[in-house]
There are 2 protein chains.
Amino acid sequence: MTTARRDTYTPETLLSVAVRVFNERGYDGTSMEHLSKAAGISKSSIYHHVSGKEELLKRAVSRALDGLFAILDEEHARVGRPADRLEHVVRRMVEMLIAELPYVTLLLRVRGNTETERWALDRRRDFDHRVAELLKAAAADGEVRGDVEVRLATRLVFGMINSIVEWYRPDVRGASDREVAEAVVRLVFSGLRHA
Amino acid sequence: MTTARRDTYTPETLLSVAVRVFNERGYDGTSMEHLSKAAGISKSSIYHHVSGKEELLKRAVSRALDGLFAILDEEHARVGRPADRLEHVVRRMVEMLIAELPYVTLLLRVRGNTETERWALDRRRDFDHRVAELLKAAAADGEVRGDVEVRLATRLVFGMINSIVEWYRPDVRGASDREVAEAVVRLVFSGLRHA
């Protein structure tokens with residue numbers, strides 16, 4: 001039995017190529033032709049794996065979304081005081097964002113032009129809402145300041161975390177995922193000033 | 001003397017139309033034809049005001065950059081303890097971002113494909129560097145924590161501030177510019193947790 005080059009492609013490797021091309025050209029600006037060239041396989045070989053580019057988008061953003069929701073199921077996100085649970089979620093969000101950088105980058109760029117994109121935006125909103133509820137509980141508990149409105153605080157914290165996709169590069173010497181996560185936790189929970 | 005419609009256009013109003021179109025379509029995706037349609041004036045009328053779309057881009061990002069650099073010249077940014085100066089700069093950056101929302105949004109989307117874009121990126125880097133120096137001085141002074149590396153802290157704080165362009169809409173009932181600025185200052189300097 002011989003193995004032609006295209007047979008070495010699995011749905012997983014095709015997905016990672018597609019995510020790279022989507023991030024470079026934008027999802028709207030990517031054609032099956034672009035994907036075929038980047039993967040070095042024919043369009044019909046791609047159609048052997050997936051129904052089209054929207055299925056690749058769905059798989060890619062699902063990977064990021066599943067990663068985010070899985071954090072909420074971790075023990076430290078479920079058990080304990082709300083502020084500690086929130087701290088765990090923030091730390092893990094940063095680690096997950098860095099571990100799945102291209103997938104989360106794509107998720108954050110989704111704009112809502114297709115059904116899959118709207119579905120992804122809905123799930124992102126659900127996730128944001130779950131984190132906002134945790135922040136609310138922590139404020140009600142008196143552990144977290146009550147003088148910044150919950151929705152505004154959630155947006156700003158997500159803004160800080162999500163901005164990491166703009167500059168973090170795993171191949172450049174710099175902070176590790178744990179160092180970045182620790183820095184975010186310190187800034188978000190204790191701030192810059194010495195108490 | 002009669003006033004034709006195109007004569008009511010000043011470089012200023014043309015600029016605000018151009019910035020809106022650049023933000024909607026992307027700078028690369030905007031043609032003089034798009035600008036002419038959006039402004040409701042002929043291309044030759046536009047050329048009466050400016051040499052082309054790159055001049056409009058330069059004027060637009062200059063407005064945002066000049067606004068940012070002007071903050072550093074304000075008295076509270078120059079006089080006092082470094083941490084207080086930094087706090088002033090952070091607060092004013094948020095207020096400026098909201099006051100000049102479309103111009104700052106455009107500046108943050110600049111990617112470096114043209115000479116003007118590269119020039120804008122250079123000036124943004126200069127500004128970031130000036131703020132990082134202030135943070136470094138505040139840490140050396142012992143007023144600000146030294147356990148988060150200065151460049152990383154600067155990136156995260158800028159990430160939080162810049163993310164405001166993604167969701168802030170002046171026409172929607174919500175937080176005012178001062179409320180958002182106050183929330184950012186509280187989070188960045190004191191964090192979420194009660195001391």
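A search of the whole structure, taken over all chains, finds 36 salt bridges. This is a predicted model, so please keep that in mind throughout.

One of the salt bridges joins Glu182(A) to Arg91(A), with the closest N and O atoms 2.6 Å apart. Glu182(A) sits in helix α11 of chain A, residues 177-190, and Arg91(A) in helix α6 of chain A, residues 82-99, so the pair ties together parts that are 91 residues apart in sequence.

Now the chain itself. Chain A has 11 helices and zero strands. Along the sequence the pattern reads α-α-α-α-α-α-α-α-α-α-α. Taken along the principal axes, the box filled by the C-alpha atoms of chain A is roughly 65 × 40 × 30 Å.

In chain A, helix α4, residues 53-73, packs with helix α8, residues 115-140, at an angle of about 10°, and the axes are 10 Å apart. An angle under 35 degrees counts as roughly parallel, and α4(A) and α8(A) are therefore roughly parallel to each other. On the α4(A) side the contact includes Leu57(A), Val61(A), Leu65(A), Leu68(A), Phe69(A) and Leu72(A), along with Glu54(A), Lys58(A) and Asp66(A). On the α8(A) side, Trp119(A), Ala120(A) and Phe127(A) are among the residues involved, as are Arg123(A), Arg124(A) and Arg130(A). By class, the residues of this α4(A) and α8(A) contact divide into nine nonpolar, two polar and nine charged.

The pair I picked from chain B is helix α4, residues 53-73, with helix α7, residues 101-109. How are these two helices placed relative to each other? The angle between α4(B) and α7(B) is about 105°, with the axes 8 Å apart, and the two are therefore roughly perpendicular to each other. From α4(B), the residues Leu57(B), Ala60(B), Val61(B), Arg63(B), Ala64(B), Leu65(B) and Leu68(B) meet Tyr103(B), Val104(B), Leu106(B) and Leu107(B) of α7(B). This contact of α4(B) with α7(B) consists of 10 nonpolar residues, no polar ones and one charged.

That leaves how the chains go together. Chain A superposes on chain B by a rotation of 180° with 0.0 Å of shift along its axis, at an RMSD of 0.0 Å. The two copies are thus related as by a two-fold rotation axis.

Which surface does each copy use? Of the interface residues of chain A, 100% are also interface residues in chain B, so the copies meet through the same surface. The contact draws 38 residues from chain A and 38 residues from chain B. About 3400 Å² is buried between chain A and chain B, and carbon and sulfur atoms give 63% of that area. Arg145(A), Leu192(A) and Arg193(A) supply 24% of the area that chain A buries against chain B, more than any other three residues.

Between chain A and chain B there are six salt bridges.

Conventions
Residues numbered from 1 in each chain as written. Chains lettered and ligands numbered in written order. Predicted model: local features only at pLDDT ≥ 70, side-chain atom pairs only at ≥ 80, totals over all residues. Heavy atoms only, no water. Axes fitted to C-alpha atoms, helices over the stretch in contact; angles between N-to-C directions. Helix = DSSP H or I, 4+ residues; strand = E, 2+ residues; numbered from the N terminus. Parallel < 35°, antiparallel > 145°, perpendicular 65-115°, else oblique. Contact = heavy atoms within 4.5 Å. Nonpolar A, V, L, I, M, F, W, Y, C, P; charged D, E, K, R; others polar. Least-squares fit on C-alpha atoms with pLDDT ≥ 70 in both. Buried area = accessible area lost by both parts, 1.4 Å probe. Salt bridge = Lys/Arg side-chain N within 4 Å of Asp/Glu carboxyl O.
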